[in-house]
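Please take a look at the sequence and the model first.

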Amino acid sequence: KDNLKMELSGVDIAAVVLYFLMVLGIGFWSMLRPNRDTIEGYFLAGKHMFWLPVGVSLFASNIGSEHFIGLAGTGAASGIGVAAFEFNALVLLQLLGFVFLPVFIASKVRTLPEYMVKRFGGSRISMYLSVLSMIL
């Protein structure tokens, strides 16, 4: 057995601190920008955002490390047919963007539970959808 010693150097700690400071700085900068309180500002970034960050954001929120590990294992066990799952996600993201987003913007809501309360009234459906989304 080799006695491997794993220690953080000053460069490692500086990189982590710099990363957190950059994330906090970008967060505070975006918090102070105008159009934050409008629905268009929330969903469309005030219509001033370049397409690349939007695409990267959609990809990052849809694909995570669990997809890479889980889908690779499932693909190895059951074959290429598991790729249909991701093709369906591609279609559903398009549906979300072109059908549901204009409805949310016109209704001036940000989430599905918020829309359901505005559309049907009451708070039970909002609570049900919130709990359902946490479970799934």
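Predicted model: local features only at pLDDT ≥ 70, side-chain atom pairs only at ≥ 80, totals over all residues.

Which residues does Ser126 touch, not counting residues up to four places away in sequence? They are Pro113 and Val117.

## The chain as a whole

The chain holds seven helices and zero strands. Its pattern along the sequence reads α-α-α-α-α-α-α.

The chain has 136 residues, and buried residues make up 12% of them. Its accessible surface comes to about 11,500 Å². Carbon and sulfur atoms account for 71% of that surface. Take the contacts between residues at least 6 apart in sequence: 40% of these join residues at least 24 apart.

Two packed helices are described by the angle between their axes and the distance between the axes.

Helix α5 covers residues 83-107. The axes of α5 and α6 come within 11 Å. They cross at roughly 60°. The crossing of α5 past α6 is left-handed.

From α5, the contact is made by Val103, Phe104 and Ser107. From α6, the residues are Leu112, Tyr115 and Lys118. By class, this contact has four nonpolar residues, one polar and one charged.

Ser107 is found in helix α5. Which residues is Ser107 in contact with, leaving aside its neighbours within four places in sequence? The partners are Tyr115 and Lys118. Ser107 has 16% relative accessibility and counts as buried, because the limit for buried is under 20%.

## The loop between α5 and α6

Lys108 lies in the loop between α5 and α6. Lys108 is not a glycine, yet it has a positive phi of about 60°. Is Lys108 buried or exposed? Its relative accessibility is 52%, so Lys108 counts as exposed; the cut-off is over 50%.

Val109 is placed in the loop between α5 and α6 too. Val109 is buried, with a relative accessible area of 1%.

## Helix α6 against helix α7

Helix α6 spans residues 112-120, and helix α7 spans residues 124-135. Their axes come within 8 Å. The crossing angle is roughly 160°. Why do α6 and α7 count as roughly antiparallel? Angles over 145 degrees are classed as roughly antiparallel, and the angle here is roughly 160°; α6 and α7 are therefore roughly antiparallel to each other. Helix α6 passes α7 in a right-handed crossing.

On the α6 side, Leu112, Pro113, Met116 and Val117 make the contact. The contact divides into six nonpolar residues, two polar and no charged.

Ser126 lies in helix α7. Is Ser126 buried or exposed? Ser126 counts as buried, because its relative accessibility is 18% and the limit for buried is under 20%.

Ser130 has its place in helix α7 as well. Ser130 is partly exposed, with a relative accessible area of 26%; a value between the 20% and 50% limits is classed that way. Ser130 and Glu114 are 16 residues apart in sequence. From C-alpha to C-alpha, Ser130 and Glu114 are 9.8 Å apart in space.

Helices α6 and α7 are roughly antiparallel, with a right-handed crossing.

Notes
Residues numbered from 1 in each chain as written. Heavy atoms only, no water. Helix = DSSP H or I, 4+ residues; strand = E, 2+ residues; numbered from the N terminus. Buried < 20%, exposed > 50% of the residue type's maximum accessible area, 1.4 Å probe, protein only. Contact = heavy atoms within 4.5 Å. Axes fitted to C-alpha atoms, helices over the stretch in contact; angles between N-to-C directions. Parallel < 35°, antiparallel > 145°, perpendicular 65-115°, else oblique. Left-handed = near helix turned anticlockwise from the far one by under 90°. Nonpolar A, V, L, I, M, F, W, Y, C, P; charged D, E, K, R; others polar. Areas by Shrake-Rupley, 256 points an atom, 1.4 Å probe, with all protein chains shown as cover.
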